[in-house]
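Hello,

Here is the structure I promised to pass on to you. Please open it beside this message, and read my notes below with the model in view.

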Amino acid sequence: MPLAELLTHSYLRAFGAAYPRGEAYAGDGRVQDYEETADDISGIVIGTQRYHVWIGIRRGEPRTGELYNDCNCPQGGGCKHVVALGLAYLGDRAGAAATAAAPAEHSREASLAWAAEHGVSHALDLEIGRA
């Protein structure tokens with residue numbers, strides 16, 4: 001099973017108290033950069049230091065289809081840095097899917113109707129607030 005199917009909000013929520021802290025990190029833009037392959041993502045998350053974070057399917061045999069994670073913070077994985085990277089990845093994937101499914105007609109009314117139909121009207125509110 002590819003990473004895109006295994007990495008979910010449920011997987012990240014399983015990290016308990018690290019989830020809301022990682023959510024705040026992701027929301028604050030602390031995920032500096034990441035690279036993605038079919039089997040993993042790795043990136044930099046800024047905390048008290050720059051942390052190298054990895055989430056992926058372990059290579060080699062046997063391939064169990066389970067996700068693993070690692071971080072060079074003192075906790076060593078299962079941490080807010082892993083959650084932040086995972087949420088950044090999921091957010092980027094959701095944004096790409098929404099863009100691909102967006103209506104061809106580019107009127108404001110059509111965009112608002114599409115956003116309401118797909119439950120993402122809140123994202124338009126955020127963009128309007130930035131302008």
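Just after helix H3, Gly-29 takes a positive phi of about 75 degrees; helices here (H or I, at least four residues) and strands (E, at least two) are DSSP runs, numbered from the N terminus. This is a predicted model, in which local features need pLDDT of at least 70 and side-chain atom pairs count only at pLDDT 80 or more, while totals for chains, interfaces and linings use all residues. Residues are numbered from 1 along each chain as its sequence is written, and side-chain values use heavy atoms, with hydrogens and water left out.

In H3 itself, the buried residues are Ala-18, Tyr-19, Gly-22 and Tyr-25, where buried means under 20% relative accessible area, exposed over 50%, and partly exposed in between (1.4 Å probe, protein chains only). Seen down the axis of H3, these buried residues fall within an arc of 120 degrees, so they line one face of the helix; the arc is that of the directions from the helix axis to the C-beta atoms.

The strands form an open sheet of 4 with the order S1-S2-S3-S4 and antiparallel pairing, and two strands count as paired if DSSP finds at least two bridges between them. The edge strands, each pairing on one side only, are S1 (31-36) and S4 (67-71). Strand S3 (residues 50-57) pairs with S4 in the antiparallel sense over 5 bridges, and the bridge partner of Gly-56 in S4 is Tyr-68.

Which residues touch the most other members of the largest nonpolar core? In this core of 28 residues, they are Leu-7, Ile-41, Ile-55, Leu-67 and Leu-85; a nonpolar core is a set of buried Ala, Val, Leu, Ile, Met, Phe, Trp, Tyr and Cys residues joined through side-chain atoms within 4.5 Å. Helix H4 gives the most to this core, with 8 residues.

Finally, please look at Asp-40, which is found in strand S2 and which, at 7% relative accessibility, counts as buried. Its side chain is joined to that of Thr-37 by a polar contact of 2.7 Å, and to that of Trp-54 by one of 2.9 Å. A polar contact is a pair of N or O atoms within 3.5 Å; within protein, one must be able to donate a hydrogen and the other to accept it, and residues adjacent in sequence count only if both atoms are side-chain atoms.

With best wishes
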